[in-house]
Amino acid sequence: MKSFFDLTRTEVAQIVGKPAIASQLFKSVYLNRSADAAPFDATLPTVVRRFQSEDGTQRFLLQLEDKEMIESVIIPGDERLTFCVSSQVGCALACTFCLTGLLGLKRNLTAGEIVSQIVVLARSGVAGRFSVVLMGMGEPLQNYDNVLKAISILNDDHGYDLSLRRITLSTAGLVPGLERLAAEPLFPNLSISLTGATNAQRDQLMPINRKYPIEAVLDVVRSLPPQRQKRVMLEYVMIKGVTDSPADAEALSALIGTMAVKVNLIPFNPASELGYERSDDETVLRFHGHLLEKGIATFVRRSRGGDVSGACGQLMKKAMEVSSQ
Ligand code: SAH
């Protein structure tokens with residue numbers, strides 16, 4: 001049986017023959033939480049474990065039909081919840097500061113497996129409106145078609161009706177995927193993980209930079225129309241002695257120049273397997289100040305869920321430990 005979560009409303013309508021039934025099914029499953037989507041399969045991933053952080057963050061270890069494990073995280077906010085979801089089982093990019101990178105890539109998720117993570121989180125008893133960030137395990141632009149399909153299902157006004165401004169795709173900067181995305185009618189907020197302001201530095205931290213260097217990535221951002229460029233965020237992980245010097249701040253602000261992008265500084269989340277340390281608070285503050293002085297809209301991300309290994313770059317290693325017990 002076909003998974004309901006893998007289908008757009010148009011596809012459902014084609015299969016059942018009536019658009020009105022497709023609309024009803026979208027409403028009953030996504031809004032009224034019906035467990036029945038006949039004639040389709042509405043089985044959700046199994047919640048194997050749920051970890052509750054002291055700061056309210058919740059990390060979900062989910063098992064898919066073929067027994068592979070992924071993780072999703074709920075991060076509470078002042079106005080909204082953020083649902084952080086995975087796009088792949090593991091990841092092929094091997095960024096040296098990210099635990100998921102140690103695993104290698106197992107497989108892509110289907111569109112339905114991406115959508116169903118959100119369904120699980122939305123039904124998990126944590127009340128409230130939510131935004132979605134594709135910032136969990138995996139590289140969304142290496143799973144382009146399924147990720148874009150999932151976005152269109154989430155955006156459907158008969159289902160979750162999630163605005164594209166409430167969906168963020170986070171990428172390590174795959175240029176062909178970025179170029180394709182730039183031409184899409186459905187354009188989510190775009191986060192680009194930079195973490196390195198020179199090619200020499202970024203080559204070491206993110207091997208994908210050897211294929212798609214910084215200039216090529218930023219050229220795509222420069223080519224975006226202003227309304228889209230404004231929705232780009234550069235993410236920059238602050239690693240002690242590696243990415244956090246005044247010269248790094250200078251190089252980063254020079255790179256950005258007059259682009260309308262924002263910058264998100266993410267203090268490195270440590271793990272014993274990774275040989276790095278988090279930048280000191282004062283260093284982060286100074287770096288932040290430098291970018292602000294240059295007129296760049298810069299934010300420091302408060303790390304959430306670190307005590308349950310649910311913070312950026314901490315996903316999956318611990319899940320493997322749990323699953324092998
Ligand atoms: N592959 C995508 C999405 C997953 S990574 C991407 O690269 O954007 C999501 C974010 O977590 C990225 O911005 C990445 O730079 C950041 N990150 C990875 N490891 C981290 C760590 N140990 N500490 C803090 N942030 C980390």
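Two strands pair if DSSP finds at least two bridges between them. Helices (H or I, at least four residues) and strands (E, at least two) are DSSP runs, numbered from the N terminus. By these rules, strand β9 (residues 189–193) and strand β10 (residues 232–238) pair in the parallel sense over four bridges. Ser193 stands opposite Glu235 in β10.

This is a predicted model, in which local features need pLDDT of at least 70, side-chain atom pairs count only at pLDDT 80 or more, and totals for chains, interfaces and linings use all residues. Residues are numbered from 1 along each chain as its sequence is written, and side-chain values use heavy atoms, with hydrogens and water left out.

**The sheet**

An open sheet is formed by 10 strands. Their order is β1-β2-β3-β4-β7-β8-β9-β10-β11-β12, and the pairing is mixed. β1 (46–52) and β12 (298–300) are the edge strands, each pairing on one side only. On average, neighbouring strands of this sheet are turned by 20° against each other, direction ignored. Axes here are lines fitted to C-alpha atoms, for helices over the stretch in contact, and angles run from 0 to 180 degrees between N-to-C directions.

Here are some of the strand pairs.

| Strands | Sense | Bridges | Opposite residues |
|---|---|---|---|
| β4 (81–84) and β7 | parallel | four | Cys84 and Val133 |

Is β7 largely enclosed or exposed? Five of its five residues are buried, so β7 is largely enclosed by the rest of the structure. Buried means under 20% relative accessible area, exposed over 50%, and partly exposed in between (1.4 Å probe, protein chains only). Both faces of β7 are covered. Phe130, Val132 and Leu134 lie on one side, and Ser131 and Val133 on the other.

**Helices α4 and α5**

The axes of α4 (residues 144–155) and α5 (residues 175–182) come within 12 Å and cross at roughly 35°. The crossing is right-handed. A crossing is left-handed if the near helix is turned anticlockwise from the far one by less than a right angle, and right-handed if clockwise. Tyr144, Asp145 and Leu148 in α4 meet Gly177, Arg180 and Leu181 in α5. Contact means heavy atoms within 4.5 Å.

**Helix α9**

In α9 (residues 246–256), the buried residues include Asp248, Ala249, Leu252, Ser253 and Ile256. They cover an arc of only 130° around the axis, which puts them on the same side of α9. The arc is that of the directions from the helix axis to the C-beta atoms. Ala247 and Ala254, on the other side of α9, are exposed. What covers the buried residues includes α6 (199–205), β10, β11 (262–267) and α10 (281–293). Gly257 follows α9, and its phi is positive, near 50°.

**A loop glycine**

Gly104 is found in the loop between β5 (88–90) and β6 (105–108). Gly104 is partly exposed, with a relative accessible area of 25%. Leaving aside neighbours within four places in sequence, Gly104 is in contact with Val89, Gly90 and Cys91. Leu93 is 11 residues from Gly104 along the chain, and their C-alpha atoms are separated by 7.5 Å.
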